[in-house]
Amino acid sequence: MNTIHIAGIKKASFELDYNGGKIWCEHLDGMGAYEDEVISKFLGDVKAFSRPSVSSFMIVNLDKTVITKKIAETVSACISQSDKTFRKIAFVGVDKRRQKLFRILKKKGIVITFLSDYEKAKEWLFA
């Protein structure tokens with residue numbers, strides 16, 4: 001049996017207490033070119049971050065993950081079609097060429113930004 005070892009697959013996504021508020025931290029980083037695993041991990045987290053009690057501020061960390069059109073469409077569709085209202089989402093690790101794939105979220109009234117630094121993403125959410 002051939003087992004794929006992907007560093008990012010074991011990183012749990014979670015809600016973080018930060019600066020008097022809470023942020024949902026979606027960890028899809030460090031997963032390289034494993035598109036199916038990225039999508040599977042994200043879909044596995046949708047129910048958790050869509051709960052009404054979970055923060056409407058989110059970081060989607062995609063650093064060191066190859067962002068395909070299918071990944072971007074899955075992330076965008078799940079967020080935009082959710083019954084939950086998301087206020088602000090910071091994407092980390094999305095290059096300029098791929099940013100346009102996530103812009104549909106702006107049409108849903110979600111404030112989004114693209115940053116290269118995880119700490120700056122946390123700061124931006126509460127700025």
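Which residues have the most contacts inside the largest nonpolar core? They are Ile79, Ile89, Phe91 and Phe102, in a core of 26 residues, where a nonpolar core is a set of buried Ala, Val, Leu, Ile, Met, Phe, Trp, Tyr and Cys residues joined through side-chain atoms within 4.5 Å, and buried means under 20% relative accessible area, exposed over 50% and partly exposed in between, with a 1.4 Å probe and protein chains only. This is a predicted model, in which local features need pLDDT of at least 70 and side-chain atom pairs count only at pLDDT 80 or more, while totals for chains, interfaces and linings use all residues. Residues are numbered from 1 along each chain as its sequence is written, and side-chain values use heavy atoms, with hydrogens and water left out.

The largest share of this core, five residues, comes from helix H1, helices (H or I, at least four residues) being DSSP runs numbered from the N terminus, as are strands (E, at least two). The buried residues of H1, among them Val38, Ile39 and Phe42, pack against strands E2 and E3 and helix H2, with contact taken as heavy atoms within 4.5 Å.

Lys41 is buried at 10% relative accessible area, and Asp45 is buried at 15%. By contrast, Asp36 in H1 and Lys70 in H2 are 34 residues apart, yet their side chains meet in a salt bridge at 4.0 Å.
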